[in-house]
Amino acid sequence: MTTLQEMVRALRDVTKAEAAAVINRDGGIVAAELPPAVSQETFSIMCAAILGAGMTAATELRHASPHRVILESEDSTIVIQEIGRRAMLVLVVPPERSFTTFETAVSRFVQAAAKDLG
């Protein structure tokens, strides 16, 4: 049986991501493949805060909560994708990697991880 950690590693490899993590809504790391210099705690808490802020903003506008937040900069794209109600996937990819090129891999990962996370 494949562990969630192995699934994260495989997704990072397939998407050519610099970093990949599954984080719970409280900002705790469930499984991660992050560069050594990254503070896992700071990274995970801020990613959870970003998705939470998006949900709050949408709710204030009386819109449905977002399932995904994409942050784009000159040197990276950060994708924060909801996994069920209790967790999220975070991928950090090079800017030339369009989300559409790895959307299927993310979708498959989210389905498998949702089952794993219960």
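Let me start with where helix H1 meets helix H3 in this predicted model. On the H1 side, the residues in contact are Leu 4, Met 7, Val 8, Leu 11, Val 14 and Thr 15. On the H3 side they are Phe 102, Ala 105, Val 106, Phe 109, Ala 112, Ala 113, Asp 116 and Leu 117. Sorted by class, that contact has 12 nonpolar residues, one polar and one charged.

How are the two helices placed? Two packed helices are described by the angle between their axes and the distance between the axes. Here H1 covers residues 4-15 and H3 covers residues 99-117. The packing angle is about 175°, and the axes are 11 Å apart. Anything over 145 degrees counts as roughly antiparallel, and H1 and H3 are therefore roughly antiparallel to each other.

Which residues form the pair? The rings belong to Phe 99 and Phe 102, with their centres 5.3 Å apart. The ring planes stand at 80°, so the pair is edge-to-face. Both residues sit in helix H3, three residues apart, about one turn of the helix. Phe 99 is buried, at a relative accessible area of 13%. Phe 102 is buried as well, at 3%. Phe 102 is also one of the H3 residues that meet H1.

One further residue of H3 to point out is Val 110. Val 110 has a relative accessible area of 14%, and buried means under 20%, so Val 110 is buried. What does Val 110 touch? Leaving aside residues up to four places away in sequence, Val 110 touches Gln 81, Glu 82 and Ile 83. As for Val 14, its C-alpha atom is separated from that of Val 110 by 14 Å, and the two residues are 96 apart along the chain. Val 14 is among the H1 residues that meet H3.

Now the sheet. Five strands form an open sheet, and the order across it is E2-E1-E5-E4-E3. The pairing is antiparallel. Which strands stand at the edges? They are E2, residues 29-33, and E3. Each has a single partner strand, so one side of each is left without a neighbour in the sheet. From one strand to the next, the twist averages 10°.

Strand E5 runs over residues 87-93 and pairs with strand E4, residues 77-83, in the antiparallel sense over seven bridges. Two positions in that pairing can be named: Ile 78 stands opposite Val 92, and Ile 80 stands opposite Val 90. The hairpin of E4 and E5 has three residues between the strands, and in it Gly 84 takes a positive phi near 60°. E5 is also joined to E1, by six bridges, and those two strands run antiparallel. Val 90 of E5 is the bridge partner of Ala 21.

Are the residues of E5 buried or exposed? E5 is mostly covered, with seven of its seven residues buried. Ala 87, Leu 89, Leu 91 and Val 93 point one way from the strand. Met 88, Val 90 and Val 92 point the other way, and all of these residues are buried.

Next, the helices against the strands. H1 lies across E1, E2 and E5, and runs at about 40° to E2. H2 packs on the sheet too, touching E1, E2, E3, E4 and E5. The direction of H2 makes about 110° with that of E5.

Last, two loop residues with a backbone detail to note. Lys 16 has a positive phi of about 60° although it is not a glycine. Its place is in the loop between H1 and strand E1, which covers 19-24. Exposed means over 50%, and at 56% relative accessibility Lys 16 counts as exposed. Arg 62 likewise has a positive phi of about 60° and is not a glycine. Arg 62 lies in the loop between helix H2, residues 40-60, and strand E3, residues 68-72. With a relative accessibility of 73%, Arg 62 counts as exposed.

To recap two items: H1 and H3 are roughly antiparallel to each other, and the open sheet has five strands, in the order E2-E1-E5-E4-E3.

Methods: Residues numbered from 1 in each chain as written. Predicted model: local features only at pLDDT ≥ 70, side-chain atom pairs only at ≥ 80, totals over all residues. Heavy atoms only, no water. Axes fitted to C-alpha atoms, helices over the stretch in contact; angles between N-to-C directions. Helix = DSSP H or I, 4+ residues; strand = E, 2+ residues; numbered from the N terminus. Parallel < 35°, antiparallel > 145°, perpendicular 65-115°, else oblique. Contact = heavy atoms within 4.5 Å. Nonpolar A, V, L, I, M, F, W, Y, C, P; charged D, E, K, R; others polar. Phe/Tyr/Trp six-rings, centres within 6.5 Å; stacked < 30°, edge-to-face > 60°. Buried < 20%, exposed > 50% of the residue type's maximum accessible area, 1.4 Å probe, protein only. Pairing = 2+ DSSP bridges.
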